[in-house]
Amino acid sequence: MATAATVAAALFASRLWCSTPIDSTFLLARQLHRPLLPLTRRFCRRYSMARSLTTHATLGLTKPAVVNFPLITFSAKDIDIAEWKGDVLAVAVSEKDMSKGSDSKFENLILKMLDDKLGGLLSESSTEEDFKGKSGQSTVLRLHGLGFKRLSLVGFGPYSPSSATTAYKSIGETVAAVAKAAQASNAAIVLASKPSEDFKVYAASAIASGTVLGLYEDNRFKSESKKALLKSVDIIGLGSGAEIDEKLKYANNICSGVIFGKELVNAPANVLTPGVLAEEASKIALSYGDVFTAKIFDAEQCKEMKMGSYLAVAAASSNPPHFIHLCYKPPDGNVKIKLAIVGKGLTFDSGGYNIKAGPGSSIELMKFDMGGSAATFGAAKAIGQIKPPGVEVHFIVAACENMISGTGMRPGDIVTASNGKTIEVGFLL
């Protein structure tokens with residue numbers, strides 16, 4: 001029955017009027033039984049906040065610490081790696097790159113050059129540590145007298161063209177782990193074997209994404225935590241110029257949205273209530289006010305819109321529901337297509353009187369039932385930074401809790417959705 005909250009959001013979205021003849025489609029962050037629904041007519045206004053939100057989490061007196069988004073400056077360079085100066089020079093290698101000739105020397109030109117410069121130390125070290133270039137493997141040499149303080153080999157294993165993006169992303173993740181362990185403030189990444197010319201930009205973007213996401217740790221609820229020191233990363237040998245710089249910036253913006261979504265879904269239900277989720281959504285509209293507007297409907301407004309099934313889900317909770325609608329419009333106002341992203345927003349789902357109990361019920365994980373809304377608002381944050389042209393996007397979440405109390409719905413009750421359809425509350429195993 002908790003899915004009724006998501007259905008309520010979809011029904012609301014379906015009433016938005018599309019002024020463009022181009023077909024519009026719903027992208028549901030949490031799959032419904034009928035994932036593709038056409039938009040029907042109703043005028044979509046730009047909304048301002050109707051009421052200030054005052055619902056704050058108090059249970060347990062837990063307040064999350066502020067964890068800043070990893071601010072890493074990425075630079076694409078075409079330079080001789082031997083001339084690079086910094087904390088960690090990371091060479092990404094596949095298992096094939098680690099092959100050696102009959103003379104026990106590397107066949108790969110970059111590895112051979114570095115090994116000759118180090119008097120065979122790189123070959124000797126990789127053999128002793130059984131480093132074969134497998135995905136996630138790394139080895140680090142502490143050096144003296146060179147421009148870089150540490151040389152690291154980072155493995156990304158064998159890969160096929162279909163898994164290339166994942167493989168390059170894993171490079172960034174492993175480099176982030178190496179940089180954290182070394183307390184490095186800057187690093188450079190070079191590929192022992194270059195990808196095809198038309199894939200270099202995408203490889204750089206994937207490496208940057210992996211680095212940011214690998215560096216980030218959600219320490220908001222830990223009493224003690226270490227801060228990552230990495231501030232700049234040079235990506236060497238994959239080209240330079242405006243195109244690759246723009247792609248690296250794009251990767252950073254996407255990661256910002258991904259991390260925001262992770263923080264939402266990781267927050268415990270006593271901290272991330274429906275009201276707090278609504279506040280987080282409204283912050284997106286405030287941060288990117290040039291392209292975003294927001295409207296938060298409270299329970300009374302939802303009642304006026306006859307959202308009976310949604311309000312029935314929320315009825316047992318002491319935390320009131322908040323129906324959230326963000327709207328993105330491109331800076332120039334020119335809209336060619338309209339989309340809606342609808343995410344499930346159950347900040348906790350106890351199952352109500354059909355309580356999730358017994359082995360395998362995973363009730364302690366039911367804070368994740370708002371994962372759809374986390375993905376929705378993560379996408380909103382990323383879009384607010386990227387500002388894609390020609391598209392209008394509506395982000396819709398029916399936020400509430402499904403709890404148990406004397407005011408809650410019971411199995412056998414019949415509730416009425418905003419489209420007039422009646423729904424009997426059943427028993428769910």
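Predicted model: local features only at pLDDT ≥ 70, side-chain atom pairs only at ≥ 80, totals over all residues.
1. Residues are numbered from 1 along each chain as its sequence is written, and side-chain values use heavy atoms, with hydrogens and water left out.

2. Six strands make up an open sheet of mixed pairing, in the order β2-β7-β6-β3-β5-β4; two strands pair if DSSP finds at least two bridges between them, and helices (H or I, at least four residues) and strands (E, at least two) are DSSP runs numbered from the N terminus. At the edges stand β2 (73-77) and β4 (138-142), each of which pairs on one side only. From one strand to the next the twist averages 20°.

3. Within this sheet, β3 (residues 86-93) and β6 (residues 186-191) run parallel and are joined by five bridges. Ala-92 stands opposite Leu-191 in β6.

4. Helix α2 (residues 109-117) lies across β3, β5 (148-155) and β6, and runs at about 140° to β3. Axes here are lines fitted to C-alpha atoms, for helices over the stretch in contact, with angles from 0 to 180 degrees between N-to-C directions; contact means heavy atoms within 4.5 Å. Helix α4 (residues 164-182) lies across β3, β4, β5 and β6, and runs at about 140° to β5.

5. The axes of α2 and helix α3 (residues 121-128) come within 6 Å and cross at roughly 105°. The two helices are therefore roughly perpendicular to each other, a term that covers angles of 65 to 115 degrees. Leu-111, Leu-114 and Asp-115 of α2 meet Leu-121, Leu-122 and Ser-123 of α3 in this contact.

6. The largest pocket holds about 780 Å³ of space. On a 1 Å grid over the protein atoms alone, a pocket is an open set of points where a 1.4 Å probe fits, with protein on both sides within 12 Å along at least five of seven lines, and lining residues have an atom within 4 Å of a point; a volume is the space filled by probe spheres set on the points, which are joined across faces, edges and corners. Of its 29 lining residues, Pro-64, Arg-220, Glu-263, Glu-280 and Lys-283 are the closest to the centre. Helix α7 gives the most to this lining, with six residues.

7. The second largest pocket has a volume of about 620 Å³. Its lining has 23 residues, with Val-67, Asn-68, Lys-226, Lys-227 and Ala-228 nearest the centre.

Notes: Parallel < 35°, antiparallel > 145°, perpendicular 65-115°, else oblique.
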